[in-house]
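Q: I have a structure open and want to go through a few parts of it. Can you take my questions as they come?
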Amino acid sequence: MLVEGKLETRWVYSFGGGGADGDASMKNLLGGKGANLAEMSALGLPVPPGFTITTEACTHYYQNGRAYPPALQGDVKAALAKVEAITGKTFGDPANPLLVSVRSGARASMPGMMDTVLNLGLNDETVQGLARLSGDERFAFDSYRRFIQMYSNVVLGLDHHMFEEILDDAKDRFGAYVDTDLSAEDWRVVVGEYKQAVERDLGKPFPQDVQDQLWGAVGAVFTSWMNDRAKFYRRMHDIPESWGTAVNVQSMVFGNMGATSATGVAFTRNPSTGEARLYGEFLINAQGEDVVAGIRTPQSLTQIAREEMGDESPSMEEALPEVFAQFKAVVERLERHYRDMQDIEFTVERGVLYMLQTRNGKRTAKAALKVAVDMAAEGLITQNEAIARIDPASLDQLLHPTLDPNAERDLVASGLPASPGAATGKVVFTSEEAERLGSAGDAVILVRDETSPEDIHGMHAARGIVTARGGMTSHAAVVARGMGRPCVSGAGELHIDQKAGLFRARGRTFKAGDIVTVDGSKGEILAGAVKMIEPELTGDFATLMGWADQVRRLKVRANAETPLDAKTARQFGAEGIGLCRTEHMFFDEDRIAAVREMILADDEAGRRAALAKILPMQRDDFEQLFTIMAGLPVTIRLLDPPLHEFLPQTEEDVRAVAEATGLDAAKLLRRAQELHETNPMLGHRGCRLGVSYPEIYEMQVRAIFEAATAVASKGEAPTVEIMHPLVTKGEEMDYLRALTDRVAETVMAETGVKLAYQVGAMIELPRACLRADDLAKSAEFFSFGTNDLTQTTFGISRDDSGRFLNAYLDKGIFDKDPFVSLDRDGVGDLIRIAAERGRRTRPNVKMGICGEHGGDPASIAFCEEVGLDYVSCSPYRVPIARLAAAQAALR
């Protein structure tokens with residue numbers, strides 16, 4: 001809209017009545033929920049009318065001291081009038097009241113992390129009008145008590161447990177087993193007690209003005225964007241704080257109006273397995289929060305699912321057959337329209353179906369692979385779209401052991417298989433304890449009656465989750481699937497006593513700290529630790545990874561120095577070793593004594609004598625790696641850490657080592673003190689050791705070439721790459737290159753075996769990036785050690801950064817931890833400079849990264865943009881890197 005020649009910002013978009021102001025392409029402005037409500041309305045689907053307050057209004061709210069845009073109130077009033085016209089009801093009218101829901105809706109799905117208010121517009125007068133209009137006083141007062149409880153918790157900040165205690169007391173007094181047993185008069189009493197509790201706690205009555213209610217709820221949704229659980233979820237899923245949330249105000253439809261009314265949640269395919277059949281739950285005579293909160297045990301949507309679960313309660317297909325047939329047609333249409341598995345919320349009001357939400361459903365990695373591969377086979381999407389559909393990080397769920405089907409199982413209790421996978425850990429009963437023990441390195445299983453959004457941090461810290469209540473679409477199930485945590489929900493056999501720190505099941509008692517195993521695929525809790533087996537990466541995984549390998553340009557190598565790591569890397573599709581840290585081989589018990597003898601030697605002759613003992617051990621290490629990698633490139637980094645790391649540091653340790661090895665204790669302690677450095681990370685380490693003590697690097701190069709020539713004489717010649725760490729100057733690189741060539745030529749002359757090999761530099765200091773043209777005169781490849789390069793660029797110690805980085809993340813100074821995801825602006829610029837200057841001297845210089853960033857999808861995308869040749873990461877992240885490299889190439 002133009003006002004005085006300026007384009008005025010539009011804050012509100014309407015939907016419903018067969019049309020909409022927006023559509024599915026407007027997620028950034030309307031949020032996912034608002035955009036899809038608009039899209040469904042435009043498709044002519046039965047969507048209750050409403051309007052969306054944009055994410056830009058949320059941004060304005062936070063940028064202006066939590067004040068709304070001046071025009072927003074008028075825009076909302078106009079949009080509300082449209083809803084009134086479509087429904088024929090009036091907001092706040094005692095005789096014919098319009099009730100609304102107020103829900104959040106960010107552009108990225110954040111299930112349960114922000115706030116929702118239902119039945120808004122009820123007060124002491126409109127509840128009477130609702131009772132007259134519906135002809136059901138019980139329904140009206142049930143809706144009113146729900147509104148008071150939800151609004152008091154979300155907007156007024158009162159504890160929801162207070163209301164649950166009042167309700168439990170009332171059910172005991174009235175002899176009611178479940179909520180649906182309470183009469184209209186019973187609900188009147190509960191409403192009165194709720195209002196008394198609010199006034200007692202707040203010192204003022206529950207708000208009766210419907211406009212006050214509406215704006216209180218809008219403010220609560222905006223405020224919930226910055227609550228602790230939402231911030232934690234955003235950080236976990238890399239969702240920027242700047243996106244903000246939209247607010248969706250929608251006319252209420254009621255699933256709690258008797259036996260022909262219902263509410264439910266559905267997925268167009270199974271979100272745990274990806275199987276192409278309708279999956280979900282519903283409840284008759286209920287509202288939406290009853291299903292997801294696990295307050296009542298839901299029923300199956302389909303007859304076949306009910307029979308498989310052994311459930312006696314009728315499915316929706318059996319209880320409401322006509323509505324079910326209409327619902328099935330609608331959800332199939334939505335999946336075809338969006339070309340992805342949909343997560344759908346719906347309500348049936350007196351036999352009439354209404355669609356409340358559709359979004360791309362959260363799913364396990366296994367399900368995501370099956371859905372993508374199946375949809376490509378069905379022609380719904382292309383192979384490249386299938387590749388782009390999978391979150392690379394989610395593959396981690398598939399790369400770890402599962403329960404051995406032949407292992408003995410000591411069954412404690414059964415529930416619903418809410419999220420697949422298996423985990424073993426200590427029982428904990430609170431999210432705080434899960435986080436505390438998890439951060440200390442303990443594996444824990446979080447056991448709760450039910451989870452709520454406040455438990456997000458504990459669920460993230462836990463290896464597995466068990467709830468006594470809730471169904472397959474409860475909060476615990478949805479969040480666990482999204483996180484890749486195994487989950488058993490609705491394990492009603494569990495009787496949990498959180499205060500005593502124990503649970504009982506089948507006559508047995510388990511205390512906090514006891515070990516249990518969760519089998520999320522079968523819905524079972526087992527006593528003790530159960531044997532695991534390695535995963536088989538076949539089927540849909542192999543199919544999709546094959547497609548990914550066809551489109552990616554970047555090679556993917558692994559960081560590995562043991563035969564087990566090398567074999568695992570090959571199994572996961574690694575195309576070589578990008579970083580073999582030779583110092584890890586020095587710490588083995590059978591060779592550390594010789595290393596210490598070398599360090600204690602008084603002269604070069606003494607050092608060479610000790611190194612001669614280490615050489616055959618190193619040669620054997622390299623021979624094994626070359627054999628396993630069978631001709632693929634193996635990049636071996638020569639000794640990097642400072643020598644003092646190989647010596648005992650305390651007097652007690654010195655005495656113990658001296659007794660065990662026969663080395664002189666006084667000399668050991670004196671040498672450790674001599675080698676002590678104020679800042680060892682920037683001290684006598686890396687290639688500086690090779691310059692000071694060339695005999696160390698000479699021994700390592702000899703071991704490498706003796707191993708390589710031995711392997712070559714038996715079969716396929718290895719591809720050897722020798723890397724010098726911490727290089728900063730061209731002269732340094734020239735010296736190290738000459739040392740390497742001299743020893744290599746000597747060994748090849750001795751063995752009569754000629755090998756091609758490359759010598760390169762590990763680039764981990766800013767000066768090395770800036771003078772890469774000098775280094776490239778002698779270095780044939782660069783491998784960016786992004787761990788140290790990040791440390792030296794920021795001047796931040798990675799080992800100490802945990803003490804303060806969270807404050808930087810919370811305050812928005814850092815979007816991401818720079819040690820987890822590469823800093824494109826600073827560290828990235830240095831890599832760009834090094835690539836450009838290195839190629840200027842040596843156009844064909846090979847380049848890759850070998851820090852932890854090599855397995856991070858965002859960092860891999862950067863490597864593709866800069867034109868690096870490969871990334872190297874830990875063996876278990878190789879498939880993640882392969883997929884991320886393919887997605888980067890497709891972009």
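Q: Which residues of H18 are buried?
A: In this predicted model, the buried residues of H18 are His475, Ala476, Ala477, Val478, Val479, Ala480, Arg481 and Met483. That makes eight of the nine residues in helix H18 (residues 475-483), so the helix counts as mostly covered, with buried meaning under 20% relative accessible area.

Q: What follows H18?
A: Gly484 does, and its phi is positive, near 75°.

Q: Switching to S34. Are its faces covered or open?
A: Both faces of strand S34 (residues 781-784) are covered. Phe781 and Ser783 lie on one side, Phe782 and Phe784 on the other, and all of them are buried.

Q: How does S34 pair with S33, parallel or antiparallel?
A: Parallel, with four bridges joining S34 to strand S33 (residues 757-763). Gly760 has Phe781 of S34 as its bridge partner.

Q: What about S35?
A: Strand S35 (residues 846-849) also runs parallel to S34 and is joined to it by four bridges. Here the bridge partner of Phe781 is Lys846.

Q: Where is Glu836, and is it buried or exposed?
A: Glu836 sits in helix H33 (residues 827-841). Its relative accessibility is 52%, so Glu836 counts as exposed, the cut-off being over 50%.

Q: How far is Glu836 from Leu770?
A: The two are 66 residues apart in sequence, while their C-alpha atoms are 9.9 Å apart in space.

Q: Which residues form the nonpolar surface patch?
A: Phe804, Tyr808 and Ile813, with about 280 Å² of accessible area together.

Q: Where does Phe804 sit?
A: Phe804 is in the loop between helix H31 (786-794) and helix H32 (805-810). At 34% relative accessibility, it falls between the 20% and 50% limits and therefore counts as partly exposed.

Q: Last topic, the six-stranded sheet. What is the order there?
A: The order is S4-S3-S5-S10-S8-S9, in an open sheet with antiparallel pairing.

Q: Why are S4 and S9 the edges?
A: Strand S4 (19-20) and strand S9 (116-120) each have a single partner strand, so one side of each is left without a neighbour in the sheet. For S4, two bridges join it to strand S3 (residues 12-16), and the strands run antiparallel. Gly16 has Gly19 of S4 as its bridge partner.

Q: Which helix packs on that sheet?
A: Helix H8 (residues 210-224), which touches strand S5 (50-53), strand S8 (100-106), S9 and strand S10 (245-251). The direction of H8 makes about 145° with that of S10.

Technical notes
Residues numbered from 1 in each chain as written. Predicted model: local features only at pLDDT ≥ 70, side-chain atom pairs only at ≥ 80, totals over all residues. Heavy atoms only, no water. Buried < 20%, exposed > 50% of the residue type's maximum accessible area, 1.4 Å probe, protein only. Patch = residues over 30% accessible without salt bridge, like charges linked within 9 Å, V, L, I, M, F, W, Y side chains within 5 Å. Areas by Shrake-Rupley, 256 points an atom, 1.4 Å probe, with all protein chains shown as cover. Salt bridge = Lys/Arg side-chain N within 4 Å of Asp/Glu carboxyl O. Pairing = 2+ DSSP bridges. Contact = heavy atoms within 4.5 Å. Axes fitted to C-alpha atoms, helices over the stretch in contact; angles between N-to-C directions.
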